[in-house]
Amino acid sequence: MKINENLAISDNGFLFNPTTGESYTVNPIGAEIIEMLKSGETQERIISRLLDMYDTDKKTLEKDLHDFSDILKQYQLLSEDE
Amino acid sequence: MEKKQYERPHIIKLEAGMPGKFGMRSESLPVTHIDGVSVKELTTNFGSPLFVLSERTIRSVYRKALKSFSTRYPKVQFAWSYKTNYLTAVCKIYHQEGSWAEVVSGFEYDKAIANGVDPARIIFNGPGKSADDLRKAANGGSLIHIDHLDELYTLTDLAGELPRKPLVAIRVNMDTGIYPMWDRFGFNYENGQAWDAINKIMMAGKLELVGLHTHIGTFILSAGAYGVAAGKLADLALGIRQKFGHDIRYIDMGGGFASKNTLKGSYLPGSDTNPTFDDYAEAITSALVNSGFRPDNLPLLILETGRALIDEAGYIISTVIANKRLSSGRRATIIDAGVNLLFTSFWYQHPITPAQGFSQYREDNTLYGPLCMNIDCIRESANLPLLNKGDRIVIHYTGAYNLTQWMQFITLRPNVVLIDEDSKPHVVRENEMLSTINGPEKTPPHLA
Ligand SMILES: Cc1ncc(COP(=O)(O)O)c(C=O)c1O
């Protein structure tokens with residue numbers, strides 16, 4: 001998966017896509033995921049890092065990450081690998 | 001290192017035009033306690049979904065309504081509309097507060113008697129009274145509100161065999177300027193049916209005409225319509241006095257005041273915009289006081305208010321079963337309370353709040369109940385925090401009609417808890433079990 005690398009996220013969760021001029025709000029864990037995607041982390045790594053940080057379980061994370069990625073794709077912030 | 005509390009990742013596009021014309025409506029302030037009892041404790045002890053009723057709210061709303069009327073008019077009597085909520089505990093609170101009973105079937109009549117209501121303080125409305133119902137009510141000296149001519153004739157015939165003259169009123173329907181006009185119950189004012197019925201009662205002399213009744217509709221958002229209706233009933237009463245030298249004892253304005261709920265499709269929340277008890281009271285009492293009654297001979301004003309008295313006192317606590325996305329990308333949340341319990345979600349956008357703290361992030365949701373039926377949608381759109389499986393929510397203003405029109409459909413009905421004025425919860429109706437449903441069934445021998 002490939003994230004749009006120009007995305008700018010502010011500390012308070014305001015996300016700006018300079019390519020389209022569109023803005024978003026994202027919650028802290030969402031921002032962390034986007035940062036991890038930008039630095040090229042794999043899905044596996046992202047899940048294991050989040051598991052260290054948050055009080056939750058793997059199944060929930062997998063499901064929610066999948067859902068989050070779908071929405072990022074819908075917003076055209078994330079694309080499938082070519 | 002301590003782990004952080006988990007919240008689902010969430011992102012939402014900021015759209016031009018949002019927030020809407022009236023700003024963002026937030027239903028998101030969590031309601032973690034009801035009358036001092038924690039939602040968590042309630043579901044732990046009594047299960048989920050759970051109906052919760054607040055005795056404190058029932059009493060305070062009743063007193064507020066009574067005050068609105070009794071500060072404007074000398075003789076006011078409420079009669080609790082049983083069909084709105086006939087749980088025994090609920091009826092008994094209203095009766096303790098001084099309410100009479102308003103019933104619309106033989107079953108409800110028997111329930112009022114079993115609740116210890118003096119038969120002389122039972123108003124019997126409705127188009128479906130049987131001859132037995134009429135006999136029972138007449139013998140008890142209850143107030144029988146005649147709906148149609150067939151009933152009038154039946155009761156007139158019965159009167160001959162009864163030890164006492166039945167006490168009756170007629171139900172009158174009329175044009176009060178609102179749409180739709182309810183004309184299927186009672187006798188019409190404008191076309192002379194009402195006068196025709198009055199003449200028949202007065203001429204035959206078998207029945208004692210003690211009152212005039214109307215119920216102009218339900219969830220009436222125009223207080224002025226009640227002023228028109230009260231004026232028309234006052235006209236009839238004064239006409240009866242003039243023509244027959246007979247004073248009726250009461251004018252019964254029925255129910256129909258809007259509760260704080262928001263009708264589906266409304267722009268603004270009902271709690272901000274619907275008329276108040278003071279608005280309705282002002283319209284009704286000024287029409288009566290300004291009509292031709294002598295000040296020392298005003299009729300008793302009866303009110304059969306249902307939903308506006310009890311909606312606010314009812315809550316449903318429900319638990320998130322799952323969340324998913326619809327094909328459009330829209331968030332859908334499945335909760336364990338469906339339209340089988342929340343009949344009124346067909347009419348209202350019930351306010352819904354989370355029962356635990358959340359971050360400021362929220363999303364638009366469609367809320368579905370647990371039934372495997374397409375109709376089972378509690379809210380087409382609700383802006384809620386990011387709910388996870390197992391989270392609890394509180395659905396508000398559910399006290400009216402749901403505990404009488406609920407359906408035993410697909411699932412069993414849950415516990416109903418009343419929280420008393422000392423914040424002590426009491427189960428007032430136990431959850432159903434398989435035996436509740438199977439009990440009355442009979443299996444023919446060849447299928448046993
Ligand atoms: C005769 C009569 N009285 C009172 C009521 C109570 O109405 P509401 O709950 O709208 O106040 C009804 C309900 O339809 C009714 O039919």
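Modeller: The residues that line the second largest pocket divide into eight nonpolar, 11 polar and five charged, where Ala, Val, Leu, Ile, Met, Phe, Trp, Tyr, Cys and Pro count as nonpolar, Asp, Glu, Lys and Arg as charged, and the others, Gly among them, as polar. This is a predicted model, in which local features need pLDDT of at least 70 and side-chain atom pairs count only at pLDDT 80 or more, while totals for chains, interfaces and linings use all residues. Residues are numbered from 1 along each chain as its sequence is written, chains are lettered from A and ligands numbered from 1 in the order in which they are written, and side-chain values use heavy atoms, with hydrogens and water left out.

Biologist: How is such a space found, and which residues lie nearest the centre of the second largest pocket?

Modeller: Rolling a probe the size of a water molecule over the atoms shows where empty space is left. On a 1 Å grid over the protein atoms alone, a cavity is a set of points where a 1.4 Å probe fits but cannot get out, whereas a pocket is an open set with protein on both sides within 12 Å along at least five of seven lines, and lining residues have an atom within 4 Å of a point. Here the second largest pocket holds about 450 Å³, the volume being the space filled by probe spheres set on the points, which are joined across faces, edges and corners. Of its 24 lining residues, Lys83(B), Arg171(B), Trp182(B), His215(B) and Tyr401(B) lie nearest the centre.

Biologist: Which domains of chain B contribute to the lining of that pocket?

Modeller: Domain bounds come from an automatic or database domain assignment, and the lining draws at least three residues from each of domain 1 (33–53 + 312–432) and domain 2 (126–303) of chain B. The C-alpha centres of these two domains lie 37 Å apart, and their contact (heavy atoms within 4.5 Å) takes 11 residues from domain 1 of chain B and 10 residues from domain 2 of chain B.

Biologist: How much area do domain 1 and domain 2 of chain B bury between them, and how many salt bridges cross their interface?

Modeller: Buried area is the accessible area (1.4 Å probe) that two parts lose on being put together, summed over both; for these domains the value is about 860 Å², 43% of it on carbon and sulfur atoms. Tyr348(B), Gln349(B) and Tyr397(B) supply 60% of the area that domain 1 of chain B buries against domain 2 of chain B. A salt bridge is a side-chain nitrogen of Lys or Arg within 4 Å of a carboxyl oxygen of Asp or Glu, and two are found across this interface. Glu312(B) forms a salt bridge with Lys260(B), with 3.5 Å between the closest N and O atoms.

Biologist: What does the interface between chain A and chain B bury?

Modeller: Chain A and chain B bury about 2200 Å² between them, 57% of it on carbon and sulfur atoms. There are four salt bridges between the chains, and Lys4(B) meets Glu32(A) in a salt bridge at 3.4 Å, N to O.
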